[in-house]
Amino acid sequence: MASINEQPIPAARPVIGEEEIEAAVRVLRTGRVVQGPEVAAFEEEFSEVVQGRHCVAVNSGTSALHLLLMAMGIGPGDEVIVPSFSFAASANAVRLVGADVVFVDIEASSFNIDPAAVEAAITPRTAAIMPVHIYGNPAAMDKIMAIADKHKLAVVEDACQAHAAALNGTPVGAFGTGGTFSFYPTKNMHSLEGGMISTADAEIARTLRLLRNQGMEQRYANEIVGANMRMTDVSAAIGRVQLGKLTGWTEQRIANAAYLSQHITAENVVTPIVAEGARHIYHQYTIRVKGDRDAAMAKLTEAGIGNAVYYPTPIHRLKPYWEPDQKAGRNWDLPETEKAAAEVVSLPVHPSLSENDLERIVAAVNALGENL
């Protein structure tokens, strides 16, 4: 049980400091608050995170995925290969454009999409592969890109949890046809709410700018059917402040994760595994609990250690997917996905943790012992 003088350690802690507040107020005072100069500056600055690719800001990470698929022309009759071990938005974006989701299994070590499973799932209808850099751990993009090139497929990187993660020096969001990022408040950086799309294709970038703004570049000169998925200048101003802090925050997350991995010794706990050449930026520090996970989480909570499960139900078992697939006779065999969903627990790793917080987390996890 946590000491009476010790406050619970939250699993996540969004940062909204004076700089963010001042940036928002500054924009509000200008009266120009929707997709103006702040959005343009944010796009240009974020481009440096993805090796200079075109960047298009939108109102959420889900919108980023949705619009990218639309801009690529993916729709009815197409299939997109997606890991089931992710947040529902990954698959929802595919459904929203009318394409079919083909779920595949993950690697046990990384929790990321399994390249071998991807290749086995390709059919004549496959249009794209959607690797999800889960928890901030880059997927095996070298293998994924080789498969995509071999079969002439697009690659849509869901990097919504992976700002500044990289594999062999290449940042996520700079591998595929396009990449998407989320700026939800609990992400490694945020804009209160928002998203960003990266692409090396100038035509796709222009189409994205049309799609987010009712299909028009010039007012009332609509070129295509679009929607309102714009980012506000207030959000962009906050995002710019947060982007300036991202490097320091990322290094702190990596250092916090290293401390946890070095000091957690409980035999029934498996700490994160990072592949050679991967830069895991720890949006989540996720362990596997071998035993009664509910009991483990209850003990952690009692000790004042915030914890959560991402994700307790694989997407293919959620109602919007499970029921139609069952009616169609589709049964996905995803043993590693099912196992991960039953074992994972995410612990605090955010940059606001103190040395004492880290020690408390380690002590609580190691106290779980073998009796679960």
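Predicted model: local features only at pLDDT ≥ 70, side-chain atom pairs only at ≥ 80, totals over all residues.
Two strands are said to pair when DSSP finds at least two bridges between them. Strand β12, which covers residues 285-289, pairs with β13 in the antiparallel sense, and the pairing runs over 4 bridges. Within this arrangement, Tyr285 stands opposite Leu347 of β13. The two strands belong to an open sheet of 3 strands, ordered β10-β12-β13 and paired antiparallel. At its edges are β10 (269-270) and β13 (344-347), each of which pairs on one side only.

Helix α11 (residues 335-343) is linked to this sheet through its buried residues. Thr337, Ala340, Ala341 and Glu343 of α11 are buried. The partners against which these buried residues pack are β3, β12, β13 and α9 (293-302).

Another pair of elements to look at is a pair of helices. Packed helices are described by two values, the angle between their axes and the distance between those axes. For helix α8 (residues 233-263) and helix α12 (residues 355-366), the axes come within 10 Å and cross at roughly 35°. This crossing of α8 and α12 is right-handed. On the α8 side the contact is made by Asn256, Tyr259, Leu260 and His263, and on the α12 side by Leu358, Glu359, Ile361, Val362 and Asn366.

The rings of Phe103 and Tyr321 make an edge-to-face pair, because their planes stand at 80°, with the centres 5.7 Å apart. Since Phe103 lies in strand β3 and Tyr321 in helix α10 (residues 319-327), the pair ties together parts that are 218 residues apart in sequence. Phe103 is buried at a relative accessible area of 3%, and Tyr321 is buried at 2% relative accessibility. Elsewhere, Phe42, Phe46, Phe181 and Phe183 form one aromatic cluster.

Finally, the backbone deserves a look. Most residues other than glycine have a negative phi, and most peptide bonds are trans. Against this background, which peptide bond is cis, with omega near 15°? It is the bond from Tyr310 to Tyr311, and Tyr311 is placed in the loop between α9 and α10. Tyr135 has a positive phi, near 65°, although it is a residue other than glycine. This tyrosine, Tyr135, is found in the loop between β4 (126-129) and α6 (141-151), and it is buried, with a relative accessible area of 2%. Ala164, also not a glycine, has a positive phi of about 80°. Its place is in the loop between β5 (154-158) and β6 (166-167).

Terms used:
Residues numbered from 1 in each chain as written. Heavy atoms only, no water. Axes fitted to C-alpha atoms, helices over the stretch in contact; angles between N-to-C directions. Left-handed = near helix turned anticlockwise from the far one by under 90°. Contact = heavy atoms within 4.5 Å. Phe/Tyr/Trp six-rings, centres within 6.5 Å; stacked < 30°, edge-to-face > 60°. Buried < 20%, exposed > 50% of the residue type's maximum accessible area, 1.4 Å probe, protein only.
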